[in-house]
Amino acid sequence: LLSKESRGQDEAERGADVVAATRLWHGAAPAHLLRILLTGIGTQDIGRGANLCAFVWGNAVSVQQSVQLEVGGLLFDMDGVLMSSLGSVERSWQRYAQMRGVDPALAVRIAHGRRAIETIQYLLPNADAAAELRVIEQIEVDDNEGLVVLPGVQELLQSLPAHAWTIVTSATERLARSRLACAGIAPPERFITSESVTEGKPHPEPYRRGAQLLGLVPQECLVLEDAPAGVAAGKAAGCMVLAVLATHAAETLQAADWRVNTLADVQARPTAHRYSLTFSPQS
């Protein structure tokens with residue numbers, strides 16, 4: 001992508017080549033491409049600390065300086081943060097909607113990040129929600145096709161002691177345990193599921209209860225989320241929120257404090273009674 005002549009250029013000129021190369025690379029995730037292209041350019045970047053912007057498909061993506069923060073604990077959403085189950089979720093809700101004669105696109109759109117029982121109540125307000133929940137739960141449990149652990153997840157979890165993190169998911173406990181087992185992720189001893197709360201995301205109750213499980217107040221916790229409803233829940237609970245750009249566009253997750261492409265961008269290490277996290281957020 002970069003011409004041989006660029007080797008003799010100064011850093012500002014090479015930076016311009018980076019931007020031009022990024023414009024040409026239509027299929028690449030911008031942040032990952034920039035990381036590759038910037039290797040070896042040096043620490044004194046364009047404008048001595050200014051953001052480097054690359055325009056891909058007409059959208060500006062800023063590579064910002066790294067963030068370092070200390071937290072008492074981490075609260076992970078499951079689907080879209082620890083694993084990709086997007087195909088299963090969408091297929092399951094499409095099938096369920098077709099069985100019940102409702103709009104499949106509507107069902108898929110409102111199901112992300114919410115408890116299944118709330119989606120059912122929205123789609124079928126006169127139905128027996130508990131009975132319908134058992135139907136959709138079984139459909140989802142039976143469909144694990146394409147389920148994979150997302151980049152950086154195992155490494156991040158292995159760097160944390162068991163008491164430092166838990167999962168806060170809108171899935172039922174049965175579905176959550178099924179997906180975690182399929183993905184090869186050992187569940188924490190206790191975690192929050194749809195049965196643990198009376199109000200689901202975007203209500204703050206799930207993340208407040210997650211903080212309580214860790215013996216912390218929400219302000220000591222970092223929420224890791226991929227969906228707008230989950231981001232809203234974390235912020236309403238009083239937590240810091242880091243959004244993972246796995247399932248939703250960055251512009252839909254602007255309420256989060258920071259955004260990263262994957263958890264491979266996040267490093268954690270223990271400090272005295274807390275945990276130091278380092279990552280380079282996307283704008």
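Contact here means heavy atoms within 4.5 Å. The model is predicted.

Helix α3 spans residues 86-100. The buried residues of α3 are covered by elements that include α4 (104-111), α5 (116-123), α6 and α8 (173-183). Those buried residues are Ser 88, Val 89, Ser 92, Trp 93, Tyr 96 and Ala 97. Seen down the axis of α3, they fall within an arc of 155 degrees, so they line one face of the helix. An α-helix has 3.6 residues a turn, so residues three or four places apart point the same way. The length of α3 agrees with expectation: at 1.5 Å a residue, its 15 residues should span 21 Å, and its end C-alpha atoms are 21 Å apart. Just after α3, Gly 101 takes a positive phi of about 70 degrees.

Helix α6 has 14 residues. From first C-alpha to last, α6 reaches 20 Å, close to the 20 Å expected at 1.5 Å a residue. Buried in α6 are Ala 129, Glu 132, Ile 136, Glu 137, Ile 139, Glu 140 and Val 141. These buried residues pack against α3, α5 and α8.

Glu 137 belongs to α6, which covers residues 129-142. Buried means under 20% relative accessible area. Glu 137 has 14% relative accessibility and therefore counts as buried. The side chain of Glu 137 makes a polar contact with the side chain of Arg 174, at 3.4 Å. Leaving aside residues up to four places away in sequence, Glu 137 touches Thr 172, Arg 174 and Leu 175.

Strand β9 (residues 240-244) is mostly covered, with 4 of its 5 residues buried. Strand β8 (residues 221-225) runs parallel to β9, and 4 bridges join the two. Within this pairing, Val 223 stands opposite Val 241 of β9. From β8 the chain passes through helix α10 (residues 228-237) to β9, and this β-α-β crossover is right-handed. Strand β9 also pairs with strand β10 (residues 258-260), again in parallel, through 3 bridges. Ala 243 has Arg 259 in β10 as its bridge partner.

Strand β12 (residues 275-279) is likewise covered. Of its 5 residues, 4 are buried, so β12 is largely enclosed by the rest of the structure. Strand β3 (residues 67-71) runs antiparallel to β12, and 5 bridges join them. In this pairing, Val 67 has Phe 279 of β12 as its bridge partner. Strands β11 and β12 are also antiparallel and joined by 5 bridges. Here Pro 270 stands opposite Tyr 275 in β12. The hairpin of β11 and β12 has 4 residues between the strands, and His 273 in the hairpin takes a positive phi near 65 degrees.

Gln 267 lies in β11, which covers residues 266-270. Gln 267 counts as partly exposed because its relative accessibility is 44%. Leaving aside residues up to four places away in sequence, Gln 267 touches Ser 276, Leu 277 and Thr 278. A polar atom of the Gln 267 side chain lies 3.3 Å from the backbone oxygen of Ala 264. The C-alpha atoms of Gln 267 and Glu 155 are separated by 8.7 Å, although these residues are 112 residues apart along the chain.

Technical notes: Residues numbered from 1 in each chain as written. Predicted model: local features only at pLDDT ≥ 70, side-chain atom pairs only at ≥ 80, totals over all residues. Heavy atoms only, no water. Buried < 20%, exposed > 50% of the residue type's maximum accessible area, 1.4 Å probe, protein only. Pairing = 2+ DSSP bridges. Right-handed = clockwise from strand over helix to strand, strands pointing away. Polar contact = N/O pair within 3.5 Å; in protein donor to acceptor, adjacent residues only side chain to side chain. Expected span 1.5 Å × (residues − 1). Arc of directions from axis to C-beta.
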